[in-house]
Amino acid sequence: MRLTVLGCAGSFPGPDSACSAYLVEADGSSGQKFHLLLDFGAGSLSALQRYASLTSIDAILLTHLHPDHVLDACNYVVVRRYAPDGPYPSLPVYAPAGAGQRLAAAYDGGSEGTLDDVYRFHDLQPGSLQIGPFTVTVDRVNHPVETYGVRVEHGGKVLAYSADTAPCDALIRLAQDADLFLCEASYVDGEDNPPDLHLTGRDAGEAATKANVSRLVLTHVVEAWGSPRKAYESAASVFGGPVEIARAGARIDI
Ligand SMILES: [Zn+2]
Ligand SMILES: [Zn+2]
């Protein structure tokens, strides 16, 4: 499978990146590529058009309903509902309960009704499900709203994605022996960080070590508040494998 980083900025769009959105592609049963989008943060619809056709998304998984992870799902309504050759068929969206109402409210205050013509919402629950060619396992992680970390398996390879989380056991389980661990590192080590919200670079490195992952990619780094270099150094001080900082436009074959 192939991961494309559409956006990796932490908490709000950064100077060089949209907010969280990751495109995961693999061959589907029909021999056609299947495109799964993990999160759809502010600004990421722009980047999507550089790496895939606008209407090629087959399914969307939203880890939680914070705006930096979902807002372009509102903009994408216009793409599918009002396309000159549309409307396009509705898409499955796997998300925490209430996503449909939240996105409809953000779209137009709910005045035009639901978004059910565009999206078919499925409430996430801890456990595994099949999305196209991917076996996807989700579990609740440690963030102030209902949030799911994600493990995506295909062809014997594993991509794990932390979503937003503070340290927790579920994160280690989801990332166990992953080929690639895409892990947030929002906070700077050594600062007085609030509990139960986010990870530091060191936390991400420790989780990578405990989970025995092959490769760690730090994401959701908040450039305006911290330093990607510090996040890298903190993580690399406690994880012996390869560490890198996610950048918008990175394409990684797993
Ligand atoms: Zn976030
Ligand atoms: Zn969040």
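How many nonpolar, polar and charged residues does the lining of the largest cavity have? In this predicted model, that lining has six nonpolar, five polar and two charged residues. The structure holds one cavity of 30 Å³ or more. The volume of the largest cavity is about 70 Å³. Its lining consists of 13 residues, and those closest to the cavity centre are Ala185, Tyr187, Val188, Ser227 and Ala231. Helix α7 (residues 228–236) gives the largest share of this lining, with three residues.

The largest pocket was examined next. The space in the largest pocket amounts to about 230 Å³. It is lined by 21 residues; Cys8, Ala9, Ser17, Val221 and Glu223 are the closest to the pocket centre. Strands β1 (2–9) and β13 (216–219) each contribute at least two residues to the lining of the largest pocket. By class, 13 residues of this lining are nonpolar, five are polar and three are charged.

The model also contains two zinc ions, ligand 1 and ligand 2. Four residues coordinate the zinc ion (ligand 2): His64 through NE2, His66 through ND1, His143 through NE2 and Asp164 through OD. The distances are 2.2 to 2.4 Å. Along the chain, the donors of this ion follow the spacing H-x1-H-x76-H-x20-D. The angles among the four donor atoms of ligand 2 run from 91 to 165°, and the site is irregular. Asp164 counts as buried because its relative accessibility is 2%, and the limit for buried is under 20%.

The zinc ion (ligand 1) has its own set of donors. Asp68 (OD), His69 (NE2), Asp164 (OD) and His220 (NE2) coordinate the zinc ion (ligand 1) at 2.1 to 2.2 Å. The donor residues of ligand 1 are spaced D-H-x94-D-x55-H in sequence. The site of ligand 1 is irregular, with angles of 90 to 161° among its four donor atoms. His69 lies in helix α2 and Asp164 in the loop between β11 and α5, so this pair ties together parts 95 residues apart in sequence. Both His69 and Asp164 are buried.

One residue joins the two sites. Asp164 coordinates both the zinc ion (ligand 1) and the zinc ion (ligand 2), and the two ions are 3.5 Å apart.

The structure holds five aromatic pairs. One of them is formed by Phe34 and Phe134. This pair is edge-to-face, with 6.1 Å from centre to centre and 70° between the planes. Phe34 belongs to strand β4 (residues 33–38) and Phe134 to strand β9 (residues 134–140). The pair links distant parts of the chain, as the two residues are 100 residues apart. Phe34 and Phe134 are both buried.

How values were computed:
Residues numbered from 1 in each chain as written. Chains lettered and ligands numbered in written order. Predicted model: local features only at pLDDT ≥ 70, side-chain atom pairs only at ≥ 80, totals over all residues. Heavy atoms only, no water. 1 Å grid on protein atoms, 1.4 Å probe; cavity = no way out; pocket = protein on both sides within 12 Å on 5 of 7 lines; lining within 4 Å. Points joined across faces, edges and corners; volume = space filled by probe spheres on them. Helix = DSSP H or I, 4+ residues; strand = E, 2+ residues; numbered from the N terminus. Nonpolar A, V, L, I, M, F, W, Y, C, P; charged D, E, K, R; others polar. Donors = N, O, S within 2.8 Å, 3.2 Å for Na, K, Ca; no water. Tetrahedral: all angles 85-135°; square planar, octahedral: opposite > 155°, others 65-115°. Buried < 20%, exposed > 50% of the residue type's maximum accessible area, 1.4 Å probe, protein only. Phe/Tyr/Trp six-rings, centres within 6.5 Å; stacked < 30°, edge-to-face > 60°.
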